[in-house]
Amino acid sequence: MTIDTHNSLSQRIEQKREDLIALTQDLVRIPTLNPPGEFYRDICEYLKRRLESLGFHVELVRAHEAPGDSEKYPRWNVIARFEGAQAGDCVHFNSHTDVVEVGQGWTTDPFGGELKDGKIYGRGTCDMKGGLAASIIAVEAFLEIFPNFAGAIEISGTADEETGGYGGVAYLAEKGYFAPTRVQHVIIPEPLQKDRICLGHRGVYWAEIETHGEIAHGSMPFLGNCAVRHMGAVLHEMETNLFPALAEKQTTMPIVPVGARQSTMNINSIHGGQSEPKPDFTGLPSACVPDSCRVVVDRRFLMEEAIEDVQQEIKEVLETVKAERDDFSYDVREILRVLPTMTQKDAPVVKSVARAITSVLGKQPEYVVSPGTYDQKHIDRIGRLKNCIAYGPGLLELAHKPDEYIGVQDMIDSAKVIGQSLVDLLIPK
Ligand SMILES: [Zn+2]
């Protein structure tokens, strides 16, 4: 590509600054809160109108019977495809349309999309409606300058990423939308920062551990068996042996922040004994020995670990405690498992975006891996597509926080990178 076409594409994107701001604001003003999963249809219809006017063929797909799908809260997704003038690869941009709850501490309207000092504020600006808007603007500018490109471009807006993606990307992948015969390159514009390429994520194993006991009068605990004390012993064993062992397990994955370059485990919740009284209940608790205690553990694991080893470690903790305590019994129930995934640095989409970052921003990209998962897991696991990255504007630290914002210049810069990646991937040399 000559310097001229590069400049004209970048200039075209600059000229779309006002449009980019308005598009982002429109998207933020549709309050697609998840849970429960509101206004999915509205945001899909909005995107359909916009993309159809550009000449895309647009489908709306409801994830019937996916977790969370109901007549009241249907899981709608939008997939748009633009065929080029000749055969070639398909580049797919996938953004999730859902946003998490607002929470406390806002000084701006969370669904107002206020523009102040070059930043647009609102829930979902950074994670990830800003990335969605930047990818659309980049594609629009590309289509205006290179109408005769080879291959195809797809843009999808999908549901439920914040709650596992089963009503979104997982559903579409199962229906074949991410099959390697249909799509060859996937870019997910999550807020990883405009000069970083995110290659993948760690694995996840969520499980509920329950210790069992026997109910009795609290004045005679020796007649019962306290499930909470049993769980105390389990947690003690984890503190003494498991957590130090996890900290020893380091990875070669370039995870940011650096603190996550090891195995980690969070105790997500603990419940034992009587359930909490309702807020309007003014009485006292009754005297009972708890017969059940449950914790949910959130274990994040590395490419270097196997899921079987992760499960075995937890079993060993419980078996160690069992050998030391009378009347100890337990159950482990798996809630979620996601294997780690990492696209190779020499994959075509990585190389193209890396070249585009260097040419637009004048610096080498930083290659990173996310501590938490995102929809790449489904594209890899179900779609079997390895050529997938996350690349988009915004600071990950702002995601899910009060006064979340996206910088307009960041969106412009990453739109230029995205536009130039399209040139690299879809314009025959
Ligand atoms: Zn996100």
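Q: Two strands count as paired when DSSP finds at least two bridges between them. In this predicted model, what makes E10 and E11 partners?

A: Eight bridges join E10 to strand E11 (residues 292–301), and the cut-off is at least two, so they pair. The two strands run antiparallel, with serine 269 standing opposite valine 296 in E11.

Q: Why are E10 and E12 called edge strands?

A: The open sheet has the order E10-E11-E9-E12. Strand E10 (264–272) and strand E12 (330–338) each have a single partner strand, so one side of each has no neighbour in the sheet.

Q: How do you know whether tyrosine 121 is buried or exposed?

A: Its relative accessible area is 13%. Buried means under 20%, so tyrosine 121 is buried.

Q: What makes the rings of phenylalanine 56 and phenylalanine 82 a pair, and of which kind?

A: Their centres are 5.4 Å apart, and rings pair within 6.5 Å. The planes stand at 65°, and over 60 degrees counts as edge-to-face, so that's the kind we have here.

Q: Which kind of pair do tyrosine 121 and tyrosine 405 form?

A: A tilted one, with 50° between the planes: edge-to-face needs over 60 degrees, and stacked needs under 30. Tyrosine 121 is in strand E5 (residues 119–121) and tyrosine 405 in strand E16 (residues 405–407), so the pair ties together parts 284 residues apart in sequence.

Q: Why is H4 described as largely enclosed?

A: Of its 21 residues, 19 are buried, so the rest of the structure largely encloses H4.

Conventions
Residues are numbered from 1 along each chain as its sequence is written. This is a predicted model: local features need pLDDT of at least 70, side-chain atom pairs count only at pLDDT 80 or more; totals for chains, interfaces and linings use all residues. Side-chain values use heavy atoms; hydrogens and water are left out. Helices (H or I, at least four residues) and strands (E, at least two) are DSSP runs, numbered from the N terminus. Buried means under 20% relative accessible area, exposed over 50%, partly exposed in between (1.4 Å probe, protein chains only). Rings of Phe, Tyr and Trp (its six-membered ring) pair if their centres lie within 6.5 Å; planes under 30 degrees apart count as stacked, over 60 as edge-to-face and the rest as tilted.
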